[in-house]
Amino acid sequence: MPELKKVLVTGGNGLLGSNIVRELVSRGYTPVLLLRKGCNRLALKHVKYEVIEGELQNLSDLEKAIKGCSYVIHCAAKTGQKGKLKDFISVNTEPVKVLVSLSKKYTVKRFIYISTANCFTNGSIVHPGTESSEFMPWLKKSGYAYSKYLAQEFLLNEFRTCNFPVVILAPTFLIGPGDAKMSSGQLLLHGTKNQVIFYPPGGKSFVNAEYAAKASVNALKHGRNGECYLLSGENLSYKQFFKIVKLNYNPRALLIKLPNCIIKLVLLFCDAIQWLFKTDIILNTTNWRLLSLNNYFSNNKAKEELKMKDTNIKDIINISYTWFVEHNYTPNGNK
């Protein structure tokens, strides 16, 4: 009897998800996508896949999607930095528990969970962060990071207690084609279109989304259950990143580092507004602290066990920019 090769992919219309779908198809798998009715499917153009229209928080929709699938790659998440913790948990944590229950019911062979590098402690250029590091407690104030961490811990506990076949993948800052919902693309277009490019003091590990997708599909067969793998790329400061963008696409632009004194004043004002009006705003102390960090990570474990490739930042910036130009995206991410 031939092996069943259907793979449920949640969040399949996103940057990483769409690249995973393309990679699955290229290897002979049949992706089954759970997508909201009317959602943006631009990144899936010219790709063959099965679709179940429904909601991540609906048990019936999840069961309909997972039935008949041998594998699950769970990419879907609420990724913004604005919102209350309960809103993030309802999307990023609770559906994971339901998917685990359904995976057991339908004997899923392996469950790939797309986590985030924010579930680990960052490092320096010389000593980048690894999978052995802990979650940083101050990130409990980030609804996104903490809700993903809670889901990750739930899954690892499922492995420890009942040998649930889960592999955790934690991408860093993804960049690549198919960014129809404008995640990392906002940073790239900020550097290509503005005459004055303001940048924060920190840095990121920029990873080729296509390489992260290949490693994700490799994880269906490779890697070890109950293990975490950082899918990181080239560690660069924001200044280094924007210098590359400027050199290739915006040579007359002026690079200006945001001064700490102004940042502190703005943050005090934003925190006061948040406290006075009991509202959530994107620019707050926690989110700025994330931007100010050198968020550098090692991909040695993923390279060894998942055949993860090293990112060439110049190449992937060019590929990403070309994709945006072909799809007529403006600096604000509108077509």
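Biologist: What makes the nonpolar surface patch of about 250 Å²?

Modeller: In this predicted model, Val-196, Phe-198 and Leu-254 make the patch, a term for residues with over 30% relative accessible area and no salt bridge, with like charges joined within 9 Å and nonpolar side chains (Val, Leu, Ile, Met, Phe, Trp, Tyr) within 5 Å. A salt bridge is a side-chain nitrogen of Lys or Arg within 4 Å of a carboxyl oxygen of Asp or Glu, and areas follow the Shrake-Rupley method with a 1.4 Å probe, only the protein chains shown counting as cover for residues. Because the model is predicted, local features need pLDDT of at least 70 and side-chain atom pairs pLDDT 80 or more, whereas totals for chains, interfaces and linings use all residues. Residues are numbered from 1 along each chain as its sequence is written, and side-chain values use heavy atoms, without hydrogens and water.

Biologist: Why is Leu-254 called partly exposed?

Modeller: Leu-254, found in strand S12 (residues 254–257), has a relative accessible area of 48%. Buried means under 20% and exposed over 50% (1.4 Å probe, protein chains only), so a value in between counts as partly exposed, and Leu-254 is therefore placed there.

Biologist: How do you know that Leu-62 is buried or exposed?

Modeller: Leu-62, whose place is in helix H2, has a relative accessible area of 1%, so Leu-62 is buried. Not counting residues up to four places away in sequence, Leu-62 touches Leu-34, Glu-55, Leu-56, Val-98, Leu-99 and Leu-102, where contact means heavy atoms within 4.5 Å. The C-alpha atoms of Leu-62 and Leu-34 are separated by 7.6 Å, although these residues stand 28 apart along the chain.

Biologist: What makes up the largest nonpolar core?

Modeller: A nonpolar core is a set of buried Ala, Val, Leu, Ile, Met, Phe, Trp, Tyr and Cys residues joined through side-chain atoms within 4.5 Å. The largest one has 41 residues, and Leu-8, Phe-111 and Leu-155 have the most contacts inside it. Elements that each supply at least two residues of this core include helix H4 (94–105), strand S5 (110–114) and helix H5 (143–162), and the largest share, 6 residues, comes from H5. Leaving aside neighbours within four places in sequence, Leu-155 is in contact with residues including Val-96, Phe-111 and Ile-168. In soluble globular proteins, nonpolar side chains tend to be buried together.

Biologist: Why is the pair of Tyr-29 and Tyr-71 called edge-to-face?

Modeller: Rings of Phe, Tyr and Trp (its six-membered ring) pair if their centres lie within 6.5 Å, with planes under 30 degrees apart counted as stacked, over 60 as edge-to-face and the rest as tilted. The ring centres of Tyr-29 and Tyr-71 are 6.3 Å apart and the planes stand at 85°, so the pair is edge-to-face. Tyr-29 lies in the loop between helix H1 (15–26) and S2, and Tyr-71 lies in strand S4 (residues 71–74), so that the pair links distant parts of the chain, 42 residues apart. Tyr-29 is buried at 10%, and Tyr-71 is buried at 3%.

Biologist: Why is the pair of Tyr-146 and Tyr-149 called stacked?

Modeller: The ring centres of Tyr-146 and Tyr-149 are 6.4 Å apart and the planes stand at 20°, so the pair is stacked. Tyr-146 and Tyr-149 are 3 residues apart in helix H5, and therefore separated by about one helical turn; helices (H or I, at least four residues) and strands (E, at least two) are DSSP runs, numbered from the N terminus.
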